[in-house]
Structure formats: structure tokens, C-alpha cells
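Open the model in your viewer and keep the sequence panel beside it. We will go from stop to stop, selecting as we go.

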Amino acid sequence: MEEIGVVIKTEGEYAKIQVDKRSECKKCGMCAFPKNADSVVFRAENKVGAKEGDKVNIITAEKGKWLSMLLVFGVPLIIIGVVFLIAFLNSWSEIIMPIVGLGAIIIWFIVLGILDKKLKKLNAFTTEITSIISDVSEDNTNDSANTVSDENSEKDAE
């Protein structure tokens, strides 16, 4: 997935990038945008040396999207199926089955939380800044030029 965002903070080799929601995002729902949010902040590798205020292109690995969906949705469904199969074969009561299933899912998400730091190191979850679209210094230079031309226009009007 390729997006355009603005660097809001740099942290060594990484930068925090704010990406505004596009109209296509309303239809898709596959990315990190919460339903009512207008933007989201990504942590991205900053190999191009972007600075705060720079407009940048970022890319997120496609593999990470599918792997994260599997870990967050697929594994819990498998856990529920296995727990209910074991419960059915062992004739557990109907009250115990959901309690054990919920407990197993809670344990899975605790394990997933512990593994999260290791999973972030995989290339499948890497967000990377690929290029700088507009530099902070370029924007400031343009702003200064516009201010001078505005002042000249006002003098000419008098």
C-alpha cells in the first residue's frame, strides 16, 4: 500500500507520519484507519532523511496486512473451533465451553502482545518512507517569495 503523509516527528532511524484518509478508504476498511478518524499516524523507517514537516511517500508491505489479519482473526477462530471440538468430545457442559473458549482467546492475545515486538521486526510489517515529495525548506522559501510578491502587489495597487 502506498500513501502520502507528513512527517510529524523524527526518532532516530524512524519517523512518525500522519496520513490523511482518502475517499477510497471508506470503501476498503483494510488499513489502520479507525472508522471516524480523518487521519492515522504510522511509524516508518526514515532511510531518506525526511525532517518534520516534509511531505513524503510511504509504502507498507502487503504481506503484513494478511499476516496480521490471520493472527488477529484467523487464529482466534481456530482456537474457538478446537476448544468447542474438545468440549463436545469430552461432553463438557454448555456453560464451561464458552468460558474455556474465551479464556483461550484471552491467552492468545496476551501471547500476541508479547510477540508483538518481535513481529514488528519482520519485513512483513515494515512501513518505509520511499521519497520526500516536498521539503520543509522548499515550502518556507516559497512562502517567503509569496509574501514578497504580495507586498509588491499591495504597493502597486496604491
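Helices and strands here are DSSP runs, numbered from the N terminus. Glu45, for example, lies in strand 3. Keep in mind that this is a predicted model.

**Stop 1: colour by confidence.** The protein averages a pLDDT of 76, and 70% of the residues score at least 70. Find strand 1, residues 2-11: confidence is highest there, at 87. Now go to helix 4, residues 136-157, where confidence is lowest, at a mean of 45. Select residues 139-158 next; the pLDDT over this stretch is below 50. Beyond near neighbours in sequence, the stretch has one contact in the model. Where pLDDT is low, the predicted coordinates should not be read in detail.

**Stop 2: Glu45.** Show what surrounds Glu45. Leaving aside neighbours within four places in sequence, Glu45 is in contact with Glu13, Tyr14, Thr126, Thr127, Glu128 and Ile129.

**Stop 3: Asn46.** Step along to Asn46, in the loop between strand 3 (39-45) and strand 4 (55-60). Is Asn46 buried or exposed? Asn46 counts as buried because its relative accessible area is 11%, and the cut-off is under 20%. Follow the side chain of Asn46: it reaches the backbone nitrogen of Ala50 at 2.8 Å. Not counting residues up to four places away in sequence, Asn46 also touches Thr10, Glu13, Tyr14, Ala15 and Ile129.

**Stop 4: Ala50 and the cores.** Centre on Ala50. Setting aside neighbours within four places in sequence, Ala50 is in contact with Val7, Thr10, Val56, Ile129 and Ile132. Ala50 also belongs to the largest nonpolar core, 11 residues in all. To show the rest of this core, select Val7, Ala15, Ile17, Val19, Val40, Phe42, Ala44, Val56, Ile58 and Ile129. Strand 2 (14-20), strand 3 and strand 4 each supply at least two residues of this core. Then look for a second, separate core of eight residues; Ile79, Ile105, Leu112 and Leu119 are among them. In soluble globular proteins, nonpolar side chains tend to be buried together.

**Stop 5: Ser91.** Finish in the loop between helix 2 (62-89) and helix 3 (96-120), where Ser91 has its place. Check the backbone: phi of Ser91 is near 55°, a positive value in a residue other than glycine. Ser91 counts as exposed because its relative accessible area is 65%, and the cut-off is over 50%.

Methods:
Residues numbered from 1 in each chain as written. Predicted model: local features only at pLDDT ≥ 70, side-chain atom pairs only at ≥ 80, totals over all residues. Heavy atoms only, no water. Helix = DSSP H or I, 4+ residues; strand = E, 2+ residues; numbered from the N terminus. Buried < 20%, exposed > 50% of the residue type's maximum accessible area, 1.4 Å probe, protein only. Polar contact = N/O pair within 3.5 Å; in protein donor to acceptor, adjacent residues only side chain to side chain. Contact = heavy atoms within 4.5 Å. pLDDT = per-residue confidence, 0-100. Core = buried A, V, L, I, M, F, W, Y, C linked by side-chain atoms within 4.5 Å.
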